[in-house]
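Subject: Structure handover

Hello,

Here is the structure I promised to pass on. Please open it first, then read the notes below.

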Amino acid sequence: MVLENCQVVFNNYKGYFYSGDIVTGSVIFGLKHNSVVKGLVLNVKGTSKARWTRPMPTIPHIKFYSEKNEVLRIDISIDTKENTLVSKNLSIPFHFILPRNIPSSFQDSVAKTHYRVIIKTTKICKRKQKRVFPFVVVAHLNLNNFEYTFYNEKYLYELTKSFGKFKQYQFRIKTYKGIGSNQRNIPFVAYITNEKKIKVSKIVISLLQKLEYTVMSGYYNTEKKIHEIFLKDFRNNLEETYTFLIDIPPVVPSTINLDRTLINISYVYKITVCFRFHFSMNMEIPVVIGSTPVIFTK
């Protein structure tokens, strides 16, 4: 078979391509003997799909929500002249440009966005054949660019709980509004005002990934915990200040400046202050995660 030993080799592939990249590579045929290869085409495809169910009080008791969109399609003829290739070892170069406004590769139990190169024969061949070679795309979001400069400045957020008429516990935290995927040493400064010297067992700072799936017939929201740190051993003084760093693991960048997409990805820091003898208090701080590390302003 012509495509049994066919391979696609990408140049400068480090496990992913950014949207907007120029992708180059070669289709390599390793044939056992000299053969005639006719009517080959190369398709680059990206597909986004989502599917979930919800219970209903009436028959059929389950409602299905699903949709499938094509987010990328590029067709390349790799035998442009006579549609015939005669060789035993053949390497055919190709190139294409990824659009800037395509979503990142993503997969979970509800939705999937995936990209692949498909090599297939056309109708002029006696027997149609197809080989599929997947690749990963990361949406390019550089928060260091001029239009995103407000993301690399520090912002102060405040959380307050009253105890009695005049006493308060105030937790303020200062950090950056935008960060980069796989970025280390994100600085945080926490300011605590504890007028009644309430005992605090711990403060939890969690990075949550919020997912919104949207199809024509409905939507579904969920969230995933990406990272978490704990602050403990408080002195319970009137005023306390803590400085600490957080490392961000590799994650899919936030979904911003994209046309309608089935999967919308955003992030928040969830701050939870756990009191020893009182109900806890919490707040969420929105944060945008880009594809490259952010250069912070001082």
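Accessible areas here come from the Shrake-Rupley method with a 1.4 Å probe, and for residues only the protein chains shown count as cover. On that basis the protein chain has about 16800 Å² of accessible surface, and 51% of this belongs to carbon and sulfur atoms.

Some ground rules. This is a predicted model, where local features need pLDDT of at least 70 and side-chain atom pairs count only at pLDDT 80 or more, while totals for chains, interfaces and linings use all residues. Residues are numbered from 1 along each chain as its sequence is written, and side-chain values use heavy atoms, with hydrogens and water left out.

**Overall make-up**

The protein chain has zero helices and 19 strands. Helices (H or I, at least four residues) and strands (E, at least two) are DSSP runs, numbered from the N terminus. Of the 298 residues, 46% are buried. Buried means under 20% relative accessible area, exposed means over 50%, and partly exposed lies in between (1.4 Å probe, protein chains only). Contact means heavy atoms within 4.5 Å. Take the contacts between residues at least 6 apart in sequence: 68% of them join residues at least 24 apart.

Two strands pair if DSSP finds at least two bridges between them. Strands of a sheet pair through backbone hydrogen bonds, either parallel or antiparallel.

Look at strand 15 (residues 200-215) next to strand 16. They run antiparallel and are joined by 13 bridges. Leu-208 faces Lys-225 of strand 16 across this pairing. Lys-225 also makes a salt bridge with Glu-228, with the closest N and O atoms 3.0 Å apart. A salt bridge is a side-chain nitrogen of Lys or Arg within 4 Å of a carboxyl oxygen of Asp or Glu. Lys-225 counts as exposed because its relative accessibility is 53%. Glu-228 has 26%, so it is partly exposed.

Strand 11 (residues 154-163) and strand 12 (residues 167-176) run antiparallel, with 10 bridges between them. Lys-154 has Tyr-176 of strand 12 as its bridge partner. The two strands form a hairpin with three residues between them, and Gly-164 in the turn has a positive phi of about 80 degrees. Strand 12 also pairs with strand 14, antiparallel, over six bridges. There, Arg-172 is the bridge partner of Tyr-191 in strand 14.

**Salt bridges**

How many salt bridges does the structure hold? It holds seven. Glu-70, Arg-73 and Asp-75 are linked in a network of them. Glu-70 meets Arg-73 at 3.9 Å, N to O. Asp-75 meets Arg-73 with the closest N and O atoms 3.4 Å apart. Arg-73 is partly exposed, because its relative accessible area is 40%. Asp-75 is partly exposed too, at 49%.

**Loops worth a look**

Asn-12 is not a glycine, yet it has a positive phi of about 55 degrees. It lies in the loop between strand 1 and strand 2. Is Asn-12 buried or exposed? Its relative accessibility is 71%, so it counts as exposed.

Tyr-13 is in the loop between strand 1 (6-10) and strand 2 (17-18). Tyr-13, Tyr-16 and Val-136 form a nonpolar surface patch, with about 230 Å² of accessible area together. Patches are made of residues with over 30% relative accessible area and no salt bridge; like charges are joined within 9 Å, nonpolar side chains (Val, Leu, Ile, Met, Phe, Trp, Tyr) within 5 Å.

Asn-185 also has a positive phi, about 60 degrees, although it is not a glycine. It sits in the loop between strand 13 and strand 14 (186-194). At 43% relative accessibility, Asn-185 is partly exposed.

Last, Arg-235. Its place is the loop between strand 16 and strand 17 (239-246). Leaving aside neighbours within four places in sequence, Arg-235 contacts Glu-240 and Tyr-242. Arg-235 and Lys-199 are 36 residues apart in sequence and 8.7 Å apart in space, C-alpha to C-alpha.

Best wishes
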